[in-house]
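Reader: I am new to protein models. Please show me how to read one.

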Amino acid sequence: MLLLTCPNCGLSVEETELAPGGQAHLKRFGPESTDEQFEEYMFLRDNAKGVHFERWRHAYGCGKWFFAARDTSSLQVYGTYCAQTTEPPADILALIAKGRSA
Amino acid sequence: MRRFSAFAIAREALRNHEGWGRTWARRPPGKRYDVIIVGAGGHGLATAYYLGKNHGITNVAILEKGWLGGGNTGRNTTIIRSNYLQDPSAAIYEKARSLYEGLSQELNYNIMFSPRGVIMLAQTHHEVRGYKRTAHANSLQGVTTEWIGPQRVKQLCPIMNIEGPRYPVLGGLWQARGGTARHDAVAWGYARACTDMGMDIIQKCEVTGIAQSGGKVTGVQTTQGDIACGKLGLVTAGHSGVLAQMAGFRLPLESVALQALVSEPIKPCMDVVVMANTVHGYMSQSDKGEMVIGGGTDGYNNYTQRGSFQHIEETLRALVETFPMISRLKMLRQWGGIVDVTGDRSPILSKTPVDGLFVNCGWGTGGFKAIPGSGWGMAELMAKGHSPLTAAFGMERFREGRFIDESVAAGVAH
């Protein structure tokens, strides 16, 4: 079973306590956006085989969103981080480069 | 190709069955093909077959990373039905279902199509309204389905507990012409027919790159060398996103794990397929006597062909309530496959930004039933550039807001 550490409340929780929220760091282009930009935000996904940055919500816990870096081909979790960011933090990227989990 | 017949069986019985030969040929890849299909599962092989049969294109190679039919074609629960809500879906799934009816004869290969009937249970009042609407839509589309009450459900499937208590059976959407088929045989039968037309099926040949020149596809790089082609069809289900990335575009898909399991074999107890979408489980009995059980997908991206244990527990918990007699059954095997799910739960059969490159993907949790229709439409699309069967399934529909919304109609498992 997938175990993730919620960065908001610090608990290591099983996936049954979590709600998956799809790819992280999507950019919403706002009211003046073109059809292409809206399609990119709404539908197009990296669907990466390998490192995937994704959103999770600690639904049956603190209820807050957070982000996780996980490998979709090995199920290795590199780490989780705060959702109030537009890109993965440097320490997570360093762990991914080394192939280590947090 | 040696035809199968009663005479052939008698002849081979007299000479120790030494004359059957291989079902499909194994040849090294050639230098160039008119059409290359990536993915030798049901959809890829059916596409190749109808390219040859309907359009006379036989200089075709089908490349497969693993072994033939070893992906989702060998991992599904073999259900065939066409009771979809939207017109484009009903058209392509009904085409597939009607082709399945004659497929054993056409391929001269027994795919064991068993039109035993499919019931989709309504266990909430919302579902009752939804399935009545689907039954009306189906009668306009020329798909024979009917709304049946709980007593008729009980009559068709006596092992079912229709009383509830939590989710009583309020009726069902019954498609008498739906059923099951032997999934491996569908792939093997198409492969045999493709070989017979002179096509090359190349296994253990993983595509590692897609060659383009001036916005047009020119070939593929593979683990068995470079192969040139005129047109390229990507029919790779869960790995469609990976191949699209090689070609330089993205698809509106996400790949997730879907699991199924079978019980120990028991005596015949159920001669229909039952799907219960509210509680997330479906079940049929195979010819060997095993109860074949499927459930819902995981919610997160995954390429490992392994799923989360709690979904098996959820599925079985739900089915035990509706089928109390299975509570003491032992489960024999469990497995997972990677399904590619789109936003509207409908497939993508489409041209792409790359000239000469076509995709057939997004069948999500319900691709097996569509194999002949999907191959028929995809072959026409690749040969002529347009097919009435696939016209509504273009990948631009997401940008243009023309969804074929089956997420309400088919909901979860299908």
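Author: We take the strands, the sheet and the chain contact in turn. This is a predicted model, where local features need pLDDT of at least 70, side-chain atom pairs count only at pLDDT 80 or more, and totals for chains, interfaces and linings use all residues. Residues are numbered from 1 along each chain as its sequence is written, while chains are lettered from A and ligands numbered from 1 in the order in which they are written.

Reader: How many helices and strands does chain A have?

Author: Helices (H or I, at least four residues) and strands (E, at least two) are DSSP runs, numbered from the N terminus. Chain A has two helices and six strands. Their pattern along the sequence is β-β-β-α-β-β-β-α.

Reader: Which strands form the open sheet, and in what order?

Author: Strands of a sheet pair through backbone hydrogen bonds, either parallel or antiparallel. Two strands pair if DSSP finds at least two bridges between them. In chain A, four strands form an open sheet in the order 3-4-5-6, with antiparallel pairing. Strand 3 (19-23) and strand 6 (77-82) of chain A are the edges, each pairing on one side only.

Reader: How many bridges join strand 4 and strand 5 of chain A?

Author: Seven bridges join them, in the antiparallel sense. Here Glu54(A) stands opposite Ala68(A) in strand 5 of chain A.

Reader: How many residues of chain B are in contact with chain A?

Author: Two residues are in contact if their C-beta atoms, placed from the backbone, lie within 7 Å. On that count, 19 residues of chain B are in contact with 20 residues of chain A.
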